[in-house]
Amino acid sequence: VDGFSMGGGGAMTLAMKRPDLFSSVVTYGGSFLKLPPDMMAKVQDPRRREMMTQFAHWEYVPREAAAVRQAGLRVRIICGDKDPAYQVNVAFKELLESLKIPVSWVTVEGLAHETTGLYNHAGVESFRFMQEGFKLP
């Protein structure tokens, strides 16, 4: 599964929550949700709190890390270094690495939040990355 921007964040959500269904995930300029601790402290409604933690990447990925590692989910993150989401992508990569989830990381120099440039730079390699995932047991 792969996606760009919010679709990249969604692709990551699907793959991380169901690593038994996906062999790999590729995000291009992904939007990864990180909830500030002070924001969570203000949420009183338990249903709303659960919904927020269910879909905020920094909240649920640590809970899913063991299943992701066991399934051998392949993760690739591609982002332009001029993308407003670049630092969030770097931080998310570091979160995954801290959880011992290997990440294939690609920085596209001089590129902002733009699909065509990301796909032109790394699309073919990403298809190969996903194809390799199909060969795994």
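**Exercise 1.** In this predicted model, find the ring that the charged end of Lys17 sits over, and give its distance from the centre.

*Solution.* Start at the charged end of Lys17: it sits over the ring of Tyr60, 4.8 Å from the centre. Next, look for Phe55: Lys17 lies over the face of this ring too, at 5.6 Å from the ring centre.

**Exercise 2.** Work out which elements build the largest nonpolar core.

*Solution.* Begin with the core itself, which has 20 residues; Met12, Met16, Val75, Phe92 and Leu96 touch the most other members. Then assign elements: helix H1 (6-17), helix H4 (57-71), strand E3 (74-80) and helix H5 (86-98) each give two or more residues. H4 gives the most, with five residues. Now zoom in on Met16: beyond its neighbours within four places in sequence, its contacts include Tyr60, Val68, Val75 and Leu96. Finally, there is a second, separate core of 10 residues, with Tyr28 and Ile78 among them.

**Exercise 3.** Classify the aromatic pair of Tyr28 and Tyr119, and say whether each residue is buried or exposed or in between.

*Solution.* The structure holds four aromatic pairs. In this one, the centres are 4.3 Å apart and the planes make 45 degrees, so the pair is tilted: stacked needs under 30 degrees and edge-to-face over 60. Tyr28 is in strand E2 and Tyr119 in helix H6, 91 residues apart. Tyr28 is buried, at 0% relative accessible area, whereas Tyr119 is partly exposed, at 30%.

**Exercise 4.** Which parts of the chain does the pair of Trp58 and Phe92 tie together?

*Solution.* First, the geometry: 5.5 Å centre to centre and 70 degrees between the planes, an edge-to-face pair. Trp58 lies in helix H4 and Phe92 in helix H5, so parts 34 residues apart in sequence are tied together.

Definitions and conventions. Residues numbered from 1 in each chain as written. Predicted model: local features only at pLDDT ≥ 70, side-chain atom pairs only at ≥ 80, totals over all residues. Heavy atoms only, no water. Core = buried A, V, L, I, M, F, W, Y, C linked by side-chain atoms within 4.5 Å. Buried < 20%, exposed > 50% of the residue type's maximum accessible area, 1.4 Å probe, protein only. Helix = DSSP H or I, 4+ residues; strand = E, 2+ residues; numbered from the N terminus. Contact = heavy atoms within 4.5 Å. Phe/Tyr/Trp six-rings, centres within 6.5 Å; stacked < 30°, edge-to-face > 60°. Lys NZ or Arg CZ within 6 Å of the ring centre and 35° of its normal.
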